[in-house]
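Student: I have a new structure to read, and I want to know what stands behind each term. Can we go through it together?

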Amino acid sequence: MIDQIRSLLEQHPMIPLNFGALADDANLYDAGLTSFASVQMMLALEEEFDIEFPETMLTRRTFSSLASIADAVSQLTRKAA
Amino acid sequence: MDAKTFDSKSLLDSLFENGILFESGIDGLYGRSGAFEEVIERFERLVTRLGAPDKATRIHFPPGMSRATLEKSGYMKSFPQLAGCVHSFMGGEREHAQLLGMMADGGDWTELQKATDIALTPAACYPLYPTIAARGPVPAQGLLFELSSYCFRHEPSKDPARMQLFRMREFVKIGTAEQVRSFRESWLKRGRAMIESLDLPCEVDLANDPFFGRGGKMMANNQRDQGLKFELLIPVTSIEKPTACLSFNYHQDHFGQTWGLKFADGEFCHSACVGFGLERVALALFRHHGPDADAWPAAVRDVLWSV
């Protein structure tokens with residue numbers, strides 16, 4: 001799942017981060033992720049995986065690394081299944 | 001304005017009845033009495049006096065700003081619902097006749113207007129950053145400004161403390177992260193002391209801006225997690241939900257990056273601002289000390305009328 005997320009985000013024109021060079025647990029904010037780009041990321045993930053992040057998950061921590069994003073997405077896709 | 005006026009509607013009615021505010025037919029758009037304006041003038045002088053030792057450069061902006069500046073600032077990403085853009089008729093005689101015809105028929109004639117280069121200023125500091133960036137590198141000790149502007153936010157409401165056109169006074173510090181944080185700290189202390197000297201109940205709390213939509217919820221959470229915004233709250237129309245009258249904002253290097261505000265060594269500047277909602281402070285004073293400013297407690301009058 002992490003690879004699917006990495007390639008999705010890499011192709012996003014409004015998130016100018018080099019995801020290919022980032023480790024799964026690298027901090028995305030330290031790598032230059034802005035608040036606005038994290039919102040774009042959230043919307044792209046919802047569309048790709050057909051999920052909706054509940055308000056409690058709309059935090060800085062959820063989107064802080066590819067690993068924590070994958071964790072959140074798998075929780076939500078499991079729920080949906 | 002006794003304890004019973006602790007709701008928006010009755011406070012607004014009482015302000016109209018006492019001739020402090022005047023109705024315009026639009027919620028959030030009011031005329032102000034001479035007494036109300038005098039309180040604002042006095043409070044502004046108090047703010048200026050408190051900030052005087054820091055030797056800020058004063059700039060007064062009009063209520064309209066460059067639309068291109070507003071666009072580049074990222075305002076539409078965060079607050080599209082609050083923005084206002086000035087439109088004007090730019091057609092010829094044929095379109096004018098069409099416009100009058102549409103008006104006579106009760107149609108939507110405004111579609112014959114086009115956006116001008118002017119947007120309404122949403123906060124006093126938005127026009128500042130490009131003006132400063134154009135002047136070249138920021139000196140090592142940073143820069144400090146005292147600003148004022150009428151501001152617009154499209155949020156019609158019966159709450160007199162939520163006007164659509166209102167005045168904001170601001171101090172803005174542009175400098176290193178350390179410089180702007182210590183500026184904000186000093187105003188958190190000075191702001192609270194100032195409001196307490198006016199015998200108004202207040203508390204300072206962590207806050208967030210009203211970012212748009214679900215993405216905005218995330219921006220708001222980010223802002224809170226990082227402690228970027230604090231507000232000084234005074235009960236005006238509600239005890240449970242007091243009104244933010246001062247706000248203390250740390251922008252990190254958002255405006256530095258957006259506008260290329262840099263030091264001579266190429267490092268991006270950070271910025272912070274403290275904003276004073278002038279109508280809100282005046283409303284708090286009338287709400288707590290009564291409709292007749294001449295009859296306010298002597299200690300409060302001394303603070304305001306001795307400056």
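The talk below goes from chain A to the domains, sheets and helices of chain B.

Tutor: First, the ground rules. This is a predicted model, where local features need pLDDT of at least 70, side-chain atom pairs count only at pLDDT 80 or more, and totals for chains, interfaces and linings use all residues. Residues are numbered from 1 along each chain as its sequence is written, while chains are lettered from A and ligands numbered from 1 in the order in which they are written.

Student: What makes the radius of gyration of chain A agree with a compact globule?

Tutor: The rule is 2.2 Å times the number of residues to the power 0.38, with the radius taken over C-alpha atoms. For 81 residues a compact globule would be near 12 Å, and chain A has 11 Å, so the two agree. Its C-alpha trace spans about 30 × 25 × 20 Å along the principal axes.

Student: What is the secondary structure of chain A?

Tutor: Three helices and zero strands. The pattern along the sequence is α-α-α. Helices (H or I, at least four residues) and strands (E, at least two) are DSSP runs, numbered from the N terminus.

Student: Which domains does chain B have?

Tutor: Domain 1 covers 3-84 + 122-305, and domain 2 covers 91-119. Such bounds come from an automatic or database domain assignment. Their centres, over C-alpha atoms, are 35 Å apart. Seven residues of domain 1 of chain B contact four of domain 2 of chain B. On the domain 1 side, strand 4 of chain B supplies the largest share, three residues.

Student: What is the order of the seven-stranded sheet of chain B?

Tutor: It is 3-7-8-12-11-10-9, an open sheet with mixed pairing. Its edge strands are strand 3 and strand 9 of chain B. Five bridges join strand 11 and strand 12 of chain B, which run antiparallel.

Student: Why are helix 2 and helix 11 of chain B called roughly perpendicular?

Tutor: They pack at about 70°. The cut-offs are under 35 degrees for roughly parallel, over 145 for roughly antiparallel, 65 to 115 for roughly perpendicular, and oblique for the rest. Helix 2 and helix 11 of chain B are therefore roughly perpendicular. Axes are lines fitted to C-alpha atoms, for helices over the stretch in contact, and angles run from 0 to 180 degrees between N-to-C directions.

Student: Which residues make that contact?

Tutor: Arg42(B), Phe43(B) and Leu46(B) of helix 2 meet Val303(B), Leu304(B) and Trp305(B) of helix 11. By class, that is five nonpolar, no polar and one charged.

Conventions:
Contact = placed C-beta atoms within 7 Å. Nonpolar A, V, L, I, M, F, W, Y, C, P; charged D, E, K, R; others polar. Pairing = 2+ DSSP bridges.
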